[in-house]
Amino acid sequence: MFDSLKDKLQSVFSGLGRTGALSETDVNNALRDVRLALLDADVAVPVVKQFMELIRERAIGAAVLKSVRPDQQVIKIVNDGLQEILGGDAEELKVDVTPPAVILMTGLQGSGKTTTAGKLAQFLKTKRKKRVMLASLDMTRPAAREQLRILSEQAEVGILPEDDKQTPLQLAKRAIKSAELQGYDVLILDTAGRQSIDDGLMEELVAIKSVSNPVETLLVADALTGQDAVNTATAFKSKIGISGIILTRLDGDARGGAALSMRQITGCPIKFAGVGEKLDALEAFDPARMASRILDMGDVVALVEKAAEAIEQEEAMRMAQRMAKGKFDLNDFLSQLRQLKKMGGVGSLLGMLPGIGKINKQLAAAGVDDSMINRQEAIILSMTKKERASVGLLNASRRKRIAFGSGTSVQEVNRLVKQYQDMARMMKKMGTKAGAAGLKAMLGSGTNSSPGVFNSSGMDLDAMSKQFGSSKSGGLSNLGGMTNLGGLPPGINPNRKK
Amino acid sequence: MSWLKKLTEGLKKTSSSAKSKISGIFIGKKIDTDTIESLEEALISSDLGVSASQKIVKEFEKNYSGKTSNQEELLEALSKSITNILEPLEKELIVSDDYHPHIMMLVGVNGSGKTTTAGKLAKRFSQQGKKVILVAADTFRAAAIEQLKGWAEKTSVELISAERGADPAALVYQSIEKARIQKTDLILIDTAGRLQNRIELMEELAKIVRVIKKLEPEAPHDSLIVLDGTVGQNALSQLKAFLDVAAITGLIMTKLDGSARGGVLVALAEEFGLPIHLIGVGETAEDLQDFNAMAYSRALLGLTLED
């Protein structure tokens, strides 16, 4: 039904012209259909309501990108919000404790606990290099213990020998003792599936938890779950207390709204995704993929991202032209700094480049870090528009005012001016010598090839290293090389998740 | 305890029963846009899905908009309209004497409860005096065979199985041949769980169906999809895919003894109109009960038969 969503949205907004910021009407109109999309994806009703409020708050007044319709902008905000919620607090399994680290698997019947226990054992064995023991406490489902034993053989991990006469609680105690004695790092306890409203069985689980003192209590939940995700998540959270969720059957074609419901209601991170029947079919949970799956409006999201890229690219082109003409003023310098910051700062940007470790150290030694960029930004912002356009205006008293206004010193203002002048000189040279064509090639057409950009600019890493290396005393006199990074095409954006 | 009692008991235990939700909407209020929207949300909360809920609500709005009726009357009216959708699909699952043997196959996604249902059905029909063979055609899942063996032993029904990893189609073929020789009344085939978008696994199922048809062109006489009561709107995609490959003839819904209500049955009824045979409301074989549209609809809304 949501194939038609786009059409509907289009009809809603076809009458609207381009707006600068999202109005309440824009947001409400778009959210009406987002609500239906989420409900259709099986996100639980109360969770949808809560989420809508969050998005409404965030979206009203937000900027609409050029060439994007308001509804499309809202959908991008929704997608980002989903991604944020789904991905929050993700962390690794806390198995690096005094052994044995106990992991307790819980969930409804048929959610995939036993299979997941086997997968987790294999994961911990191969990826975390742990000695793992599996133990089934399931005395209810016929052959559940047999199933776990077979899985333990496939994964080549330890298994607690069966004993028909023991209760789950006794089994848990024996498993811990046995894991201790045999020197296992991790003990995974698989429990019987139970309905969350079955008080007797839920109490049993509480007792098992209290004797086994697990480092992780995981709720194994089926991605095909509908509205009941709320009840299940609430019950397991409040009665048992869980530390994380594993979502199974994500290889199916369900939109998987249960992921959002469970995440929101328990506040616990979704740690893994089950994506198949085989033992290695366990993946780290991917919030970006899950968000676009639930919302199912990937094309709209991609469109908005593309528009954002185009704008960055336009900006880069504008800069290139100004550079070529030798018109590089402090406003341009400021936007370079900002773009650098947006890309995650100096450290993360350089970290993305191969073989850059050496330069990084030199940069650190020269005091090039993000706080410096912040100070420089403050200095420029403390200037008047006229001052930014022509540095010649900056006499001693103006510099003093600027230093005061930005909370820096006159020396720092002087250094920035010097640095800007060096850079402007270099820009001019590049503009005339290398020619605008060269610059354009360097700024590229927005493809995702970070090293290629450097190569095509004719500026290899060695040369860059030398440039930075020579700036021992002058601090940033050669920032030119670096701000060029800031002018890179928008393809290189470490913040964007694909 | 009757199945209905069980069902309503189960529903009563849930923290947010549909009745309190829905009756809360109606108390002392005129039926207006707000009440209608709350009603729609209450239905969606029971997994009826957006379109089925909207349809029911629309009909309701037509009859009651602007009126202040008493709450019981409104609930009755709602349950009536849901009953009307489901009632034509009430159909008991029976082993026909016309076939020798009657071939029944259970399909569905992983974890929906096929093996347990196969065990319960074996017990049910052998108690009716039928000679039953259980076929463990799930040769993939670790210990699926052992699980069915447990049921076979409990109910003294013959189990035919192969080693893990064997070709399920070949096993089914042998089973039918054997059943003919032994004059068995019913062959109950438990297939491996498979997600409906897994092409290779669906092809495996198609092969099983082809093999059955080779021996019995009319069979499988019942091709039953087993749905988990907690399932959401994906059930629509499941039924569509299994219908294509295995010509589904009817539905069984399990695990309705939990907090889930299985309202997607209404959406499935609207979309496919296939018979709903049984619902599972507990662990024992007796807890697999014939589907009763009126009782189910009332339980869905938190009403009991006495109300």
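Modeller: Let us begin with contacts: two residues are in contact if their C-beta atoms, placed from the backbone, lie within 7 Å. In chain A, residues 24 or more positions apart account for 79% of the contacts with a separation of 6 or more. This is a predicted model, in which local features need pLDDT of at least 70 and side-chain atom pairs count only at pLDDT 80 or more, while totals for chains, interfaces and linings use all residues. Residues are numbered from 1 along each chain as its sequence is written, and chains are lettered from A and ligands numbered from 1 in the order in which they are written.

Colleague: What pLDDT does chain B average?

Modeller: pLDDT is the predictor's confidence in each residue, from 0 to 100. Chain B averages 89, and 89% of its residues score at least 70. Over residues 11–16 of chain B, however, pLDDT stays under 50, and the model has eleven contacts beyond four places in sequence for that stretch. For the complex, the predictor gives an ipTM of 0.89 and a pTM of 0.76.

Colleague: How many helices and strands does chain A have?

Modeller: Helices (H or I, at least four residues) and strands (E, at least two) are DSSP runs, numbered from the N terminus. On that reading, chain A has 23 helices and eight strands.

Colleague: In what order do the strands of the sheet in chain A lie?

Modeller: As a general idea, strands of a sheet pair through backbone hydrogen bonds, either parallel or antiparallel; here two strands pair if DSSP finds at least two bridges between them. The eight strands of chain A form an open sheet in the order 3-2-4-1-5-6-7-8, with mixed pairing. Its edge strands, each pairing on one side only, are strand 3 (158–159) and strand 8 (282–284) of chain A. Strand 7 (residues 270–274) of chain A pairs with strand 8 of chain A in the antiparallel sense over three bridges, and there A:A273 stands opposite A:E283.

Colleague: Which strands run parallel to strand 2 of chain A?

Modeller: Strand 2 of chain A is joined to strand 4 of chain A by five bridges, and the two run parallel; A:S136 has A:D190 as its bridge partner in strand 4. Two bridges join strand 2 of chain A to strand 3 of chain A, also in parallel, and A:L134 has A:I159 as its bridge partner there.

Colleague: Is strand 2 of chain A mostly covered or uncovered?

Modeller: A residue is buried if 20 or more other C-beta atoms lie within 10 Å of its own, exposed if 12 or fewer, and partly exposed in between, with C-beta atoms placed from the backbone. In a regular strand the side chains alternate between the two faces of the sheet. Five of the five residues of strand 2 of chain A are buried, with A:V132, A:L134 and A:S136 on one side and A:M133 and A:A135 on the other. Of the 498 residues of chain A, 46% count as buried.

Colleague: Why is helix 10 of chain A described as largely enclosed?

Modeller: Helix 10 (residues 257–266) of chain A is largely enclosed by the rest of the structure because ten of its ten residues are buried, among them A:L260, A:R263 and A:I265. Just after this helix, A:G267 takes a positive phi of about 70°.

Colleague: Which residues have the most contacts inside the largest nonpolar core?

Modeller: A nonpolar core is a set of buried Ala, Val, Leu, Ile, Met, Phe, Trp, Tyr and Cys residues joined through C-beta atoms within 7 Å. The largest has 191 residues, and those with the most contacts inside it are A:L187, A:I188, A:L189, B:L134, B:V135 and B:L188. Helix 2 (residues 24–40) of chain A gives the most to this core, with seven residues. Leaving aside neighbours within four places in sequence, A:I188 is in contact with residues including A:I103, A:M105, A:V132 and A:L134.

Colleague: How many residues of chain A are in contact with chain B?

Modeller: There are 35 residues of chain A in contact with 38 residues of chain B. On the side of chain A that touches chain B, helix 6 (144–155) of chain A gives the most, with four residues.
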